[in-house]
Amino acid sequence: MVDPKPAAVSRRRLLTGTLAGGAAMAGGGVLSGCSTRQDVRRRDTADPWRQFAGCTLNFVSENTAPTSAIAADAQRFTELTGIHINIVTLELSALVQKVALDLASGQSQYQVLYADSYQVLAPYAEGLVDLREPAGDPSLPGDTSRFDEFVPLQMDVSGRFGDGERILALPYDCATMIWQYRKDLFETYHDRMAADLGFDPTPGPQRTWEEYFRIAQWFNDNVDEVAYGTGHQAKQHDSLMCDFSNVLFAHGGQYFPDGERVGRYGAVDPGPCQLDSDAALEAAEFYRRLLSVADPASRTWDWTGVGAAFAAGRVAMCPNWHEFAADNERALPGKVGYAALPSGPVKSANMYGGAGIAINGNTAPNERKAAWLFLNWATSRRTQLRNLTGEVGGATPTLSSIYQLPEVRGAQQRPTDMPTMLTAPAVQRAWQPEYSGMRPKIPMWSECDTAIYTELSRMLAGDATSAQAMRDTTEQVDRIVSRGWVAAR
């Protein structure tokens with residue numbers, strides 16, 4: 001593959017807007033692009049990468065680390081293909097609205113879509129291109145065997161929906177919740193903790209959630225370097241559902257019957273809600289107890305809030321998305337450790353929150369082939385490896401083979417210029433089925449999510465018992481699911 005090297009792009013230049021000849025970062029609005037009324041012209045060239053030179057594609061994405069890295073690197077794509085790429089980054093709720101309107105319109109203002117597994121892929125699966133089509137086109141770079149190169153869990157959660165064989169997105173973002181802790185404090189106080197608690201406090205899935213609770217209490221009572229033993233993303237927000245789900249799954253609870261299948265592959269009709277099960281009630285009561293010893297500000301924090309508190313030295317440990325490692329290493333260099341989350345009575349469950357990139361099904365034939373070139377390039381081994389070390393890098397690879405490269409294996413130890421790779425042993429374990437946690441991939445998940453975190457918030461505020469919160473949530477979720485779903489086509 002041709003891989004031209006463009007001039008370096010500074011972070012300041014990226015954040016101010018347009019990258020000449022490459023990507024434009026914008027906040028929304030109408031963009032120029034390949035017209036949906038008239039298909040783009042396919043050029044007669046021996047170079048398969050330059051068949052659509054002169055075309056402009058629009059990519060709408062959540063404002064994530066991978067997209068920041070891709071935008072900074074997009075001049076390479078333009079030099080390789082002659083295709084210009086406009087990138088619009090939005091908060092997730094605004095992104096979902098843009099995608100829904102674009103699909104419903106029958107047009108394609110945005111040819112390339114950030115396909116959040118739960119709010120885009122599941123509800124709008126019928127509006128996305130089956131990527132086996134462009135991958136199987138012998139005139140285009142790439143082929144269907146490439147799908148096997150992605151981490152299997154990520155390919156299923158981020159790329160598929162339902163029981164069919166369709167591939168609707170390529171894994172692009174693989175945020176995973178893990179145990180982040182002050183390694184320096186755990187080492188300093190290890191022997192005292194072990195003596196007082198009666199067990200080895202070293203973090204990892206060999207610890208139980210009950211032991212995590214006791215470690216948090218011990219820090220509260222014995223250590224001055226931090227204000228609290230643990231912090232959580234327990235704001236009335238999607239973050240609260242994520243934080244609770246780690247505990248729910250670890251206790252053997254699920255949102256729906258056959259929850260692991262529904263989380264991995266998705267379903268339109270997942271069956272009755274299971275949050276009133278004994279396992280779910282036990283998990284909710286434990287979670288309420290856990291938050292009672294956590295930093296009280298936890299109820300005001302989403303993932304960004306707890307990440308900032310941890311980096312500021314306020315708490316000794318927290319469950320959070322692994323991509324906060326770069327912030328941790330800047331604020332607390334060499335002082336942070338990463339491990340899979342504690343185990344409950346059933347397993348260690350580490351919430352997976354990844355997403356893919358997809359092609360709008362409204363695109364014209366040549367236009368979708370041009371979009372495939374971008375998907376292929378953006379998720380290629382060379383691009384993903386470069387994004388690990390770029391100035392705006394930090395995006396975590398979704399290709400299995402990258403983790404076997406000597407330079408990436410070496411970066412898993414300090415000193416490292418790939419701080420996110422310090423989490424690699426923990427997240428690779430978390431991507432194994434026996435350690436994974438997956439929320440339901442159903443079309444109506446957004447409404448269910450709101451019901452779940454609203455009732456959990458009532459529980460944490462003392463306005464409902466843990467049992468009542470779970471029963472009330474069960475009734476609400478069943479009403480939402482019973483209405484069914486008509487997919488966008």
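Let's start at Leu80, which sits in helix H2, the stretch covering residues 65-81. Keep in mind that what you're looking at is a predicted model.

Now for the nonpolar interior. As a rule, nonpolar side chains in soluble globular proteins tend to be buried together. In this model, the largest nonpolar core counts 159 residues, and Phe219, Tyr255 and Phe374 have the most contacts inside it. Which helix gives this core its largest share? That would be helix H12 (residues 278-293), with 9 residues. Leaving aside residues up to four places away in sequence, Phe219 touches Leu185, Phe186, Met193, Val226, Gly229 and Ala316.

Next, the charged side chains. Opposite charges on side chains can pair when the charged atoms come close. How many salt bridges does the structure hold? The count is 23, and a few are worth a visit.

Take Glu211 and Arg207, whose side chains form a salt bridge with an N to O distance of 2.9 Å. Both Glu211 and Arg207 are buried. Elsewhere, Asp73, Arg76 and Arg386 are joined in a network of salt bridges.

Then move along to Asp258 and Arg261, another salt-bridged pair, this time at 2.8 Å from N to O. Arg261 has a relative accessibility of 31%, so it counts as partly exposed.

Finally, look at Glu260, which makes a salt bridge with Lys347; their closest N and O atoms are 3.4 Å apart. Where do these two residues lie? Glu260 belongs to helix H11 (residues 259-264), while Lys347 is in the loop between strand E9 (336-339) and strand E10 (350-351), so this pair ties together parts that are 87 residues apart in sequence. The two partners also have their own levels of accessibility: Glu260, at 42%, is partly exposed, whereas Lys347, at 11%, is buried.

Definitions and conventions. Residues numbered from 1 in each chain as written. Predicted model: local features only at pLDDT ≥ 70, side-chain atom pairs only at ≥ 80, totals over all residues. Heavy atoms only, no water. Salt bridge = Lys/Arg side-chain N within 4 Å of Asp/Glu carboxyl O. Buried < 20%, exposed > 50% of the residue type's maximum accessible area, 1.4 Å probe, protein only. Helix = DSSP H or I, 4+ residues; strand = E, 2+ residues; numbered from the N terminus. Core = buried A, V, L, I, M, F, W, Y, C linked by side-chain atoms within 4.5 Å. Contact = heavy atoms within 4.5 Å.
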